[in-house]
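Good morning, and thank you for making time for this presentation. Please look at the sequence and the structure as they come up, and I will then take you through them.

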Amino acid sequence: MIRKCLGCGIKLQSTDNQKLGFVPKHKKDADLCERCFKIIHYNDAKAVILKENQNKIIKHVQEDNKHVLFLIDFLNINEDTIKVYQKIKTSKTLIISKYDIIPKYIKPQKIINWLQDVYKIKEDILFLSALKNQNISSFLNYLKQNNIKEAYILGFTNAGKSSLINRVIKHYNLNIKSITTSLVLNTTLDFINIKINDQLTLIDSPGFTISNSICSNDDIDFIRKLNPKKYIRPITYQLKPNTTILIDKKIAITNLKEKNSFTFYLSNDLLLTKIYHTKFNMKSLEYDIEENSDIVLKNIGFINVKKPALVKISYDYSSSLIEIRKSIFK
Ligand SMILES: Nc1nc2c(ncn2[C@@H]2O[C@H](COP(=O)(O)OP(=O)(O)OP(=O)(O)O)[C@@H](O)[C@H]2O)c(=O)[nH]1
Ligand SMILES: [Mg+2]
């Protein structure tokens, strides 16, 4: 029988300690691979970035034709994550995870209306927090009411998929080993079936990889900063012409035209500094922005701009980091 790691789903092997799924020969009966053991006990993981895995995961899920619970956290709602959600052709529910990080005054219904308007979401949208145990009972009731007995949990890496399953395990006080969770990108490496009870099986999955991501496992401190553990306090700046907000010394947002209001919805662990020049030794692009729009920094968050603006954004990554969209705020 093939044995799999209970923490990340990878096939266990004792032949090559450089490959995934390794357990030393003398620990042959272990149910966790060495990598999970290191993540859990030393918060240290060999960086593994899975290859582009979207098509493979979607194909597998489509063939199995079970319900999909697709997790996206508030700071990661953007055209890239929604595009992958839209590719799923089975019955599905969109789940906004990490509900605890959403500023209190932005009500779920407001976000739902806006998701339907801007991103054309037609399916049900739920909000929950695995970390703070918010809306878990109503989530489980929703599954029951809709007769969902088996569901895949899908989403980009770090969306909180494994944490959600662990929370459900805890909710029912089950004697099942927790799945490994961490800020390391691609903690979960293969599908993991967790039978909660006769009425419910949840299937964890490897997170979709973020191609050309601004963050990598080599910079786990930056990933930590991007992933807040408490709710976001938006920060508003009235920016005069030719002033810049530098985000963690990595991204420069420069207001090129008249004085305007910029509100940053980002993890508060990121350092924002105001500077009075406009030239940076980084690749830059200018964006013409309509009244009340969001500048989305994919995988990081967004910036709400009140009046029409001309904004220069400078950064040093090859990725397409920016999206401009209609604001969530009327
Ligand atoms: N604030 C907050 N953080 C959360 C929540 N759920 C998970 N996290 C954190 O997000 C990070 C990623 O969680 P995981 O459950 O490992 O995410 P995943 O989607 O399984 O990630 P992969 O296995 O890499 O695809 C961890 O640091 C969690 O502590 C939540 O509800 N709120
Ligand atoms: Mg996981």
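The shell around ligand 1 is made up of 15 polar, eight nonpolar and four charged residues. Here Ala, Val, Leu, Ile, Met, Phe, Trp, Tyr, Cys and Pro count as nonpolar, Asp, Glu, Lys and Arg as charged, and the others, Gly among them, as polar. The model is a predicted one: local features need pLDDT of at least 70, side-chain atom pairs count only at pLDDT 80 or more, and totals for chains, interfaces and linings use all residues. Residues are numbered from 1 along each chain as its sequence is written, while chains are lettered from A and ligands numbered from 1 in the order in which they are written.

In total, 27 residues surround ligand 1, a residue being near a molecule if its C-beta atom, placed from the backbone, lies within 6 Å of it. G160, S163, T181, T188 and G207 are the closest. Helix α6, residues 161-171, gives the largest share of this shell, with three residues; helices are DSSP runs (H or I, at least four residues), as strands are (E, at least two), numbered from the N terminus.

Let me turn to the domains. An automatic or database assignment supplies the bounds: domain 1 is 1-46, domain 2 is 54-216 + 222-226, and domain 3 is 235-326. The centres of domain 1 and domain 2, taken over C-alpha atoms, are 25 Å apart. Twelve residues from domain 1 and eleven residues from domain 2 form their contact, which requires C-beta atoms, placed from the backbone, within 7 Å. On the domain 1 side, eight of these residues are nonpolar, two polar and two charged.

Which residues of helix α1 are buried? In this helix, residues 34-42, they are R35, C36 and I39, where buried means 20 or more other C-beta atoms within 10 Å of the residue's own, exposed 12 or fewer, and partly exposed in between, with C-beta atoms placed from the backbone. Viewed down the axis of α1, the buried residues fall within an arc of 100 degrees (of the directions from the helix axis to the C-beta atoms), so they line one face of the helix. H41 and Y42 are exposed, on the face turned away from the buried side.

Finally, the largest nonpolar core has 64 residues, and F70 and I153 have the most contacts inside it. Such a core is a set of buried Ala, Val, Leu, Ile, Met, Phe, Trp, Tyr and Cys residues joined through C-beta atoms within 7 Å. Domain 2 and domain 3 both contribute residues to this core, so it lies between them.

Note on methods
Contact = placed C-beta atoms within 7 Å.
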